[in-house]
Amino acid sequence: LLIVGPHGPTSESVREMVIAAGLTERIHIFEEAQHGSIYFILRHAELYVAAGRWQKGVMGEAFAPLAILEAAAAKLPVISTANCGVAELIRDGQNGRMVELEDPTALATAVAEMLDNPAAAKRMAEELYGTVESRFTWTNATRRYTGLYCRGNGTGKQAHRLAGTGL
């Protein structure tokens, strides 16, 4: 198991649990990953788990973590907690698995099911890749922002011309 992410408030307690369980040969914590190495790491993974705790309205608002989009681009099966924005991307059982926040049993069950059924995991990974490829590209983001901008200032016809140019 490889845990990748920046040093945070629970880093030391996680490290202590790994040591106490005698799992230092099987669980590796990688806190200093350079962004350029992430795709390489993902391409060698079997599964991506995003066990975030971000809650809309409680901890601010955000779109699904960029890391999930990166995992999808690497065609990895994804399991995520239902944190802020994830429902915009993951349809549970169709293109990944999404479990409730603070439910470690559900998270462990989803991981076990993905690992036990590689064909279903691959199908969900392909579906998620398609979702990301069709909905979450810079071209689509540009088109949406341009449309919002032009509607907001009354120039709706311009939105279609700008969106087609990629500007």
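**Reading the terms**

Tutor: Let's begin with Val4, which lies in strand S1 (residues 2-4); strands here are DSSP runs of E, at least two residues, and helices are runs of H or I, at least four, numbered from the N terminus. This is a predicted model, where local features need pLDDT of at least 70, side-chain atom pairs count only at pLDDT 80 or more, and totals for chains, interfaces and linings use all residues. Residues are numbered from 1 along each chain as its sequence is written, and side-chain values use heavy atoms, leaving out hydrogens and water.

Student: Why is Val4 called partly exposed?

Tutor: Its relative accessible area is 39%. Buried means under 20%, exposed over 50%, and partly exposed in between (1.4 Å probe, protein chains only), so Val4 is partly exposed.

Student: What makes Ser80 buried?

Tutor: Ser80, in strand S4 (residues 78-81), has a relative accessible area of 0%. That is under 20%, so Ser80 counts as buried.

Student: How do you know that Ser80 touches Ala50?

Tutor: Contact means heavy atoms within 4.5 Å. The Ser80 side chain reaches the backbone oxygen of Ala50 at 3.3 Å, so this pair is in contact. Others that Ser80 touches include Ile68 and Val86, leaving aside residues up to four places away in sequence.

Student: Which residues touch the most other members of the largest nonpolar core?

Tutor: Of its 16 residues, they are Leu42, Tyr48, Ile68, Val78, Leu89, Ile90 and Leu128. Helix H3 (66-73) is one of the elements supplying at least two residues, and H3 gives the most, with four.

Student: What makes a set of residues a nonpolar core?

Tutor: They are buried Ala, Val, Leu, Ile, Met, Phe, Trp, Tyr and Cys residues joined through side-chain atoms within 4.5 Å.

Key: Polar contact = N/O pair within 3.5 Å; in protein donor to acceptor, adjacent residues only side chain to side chain.
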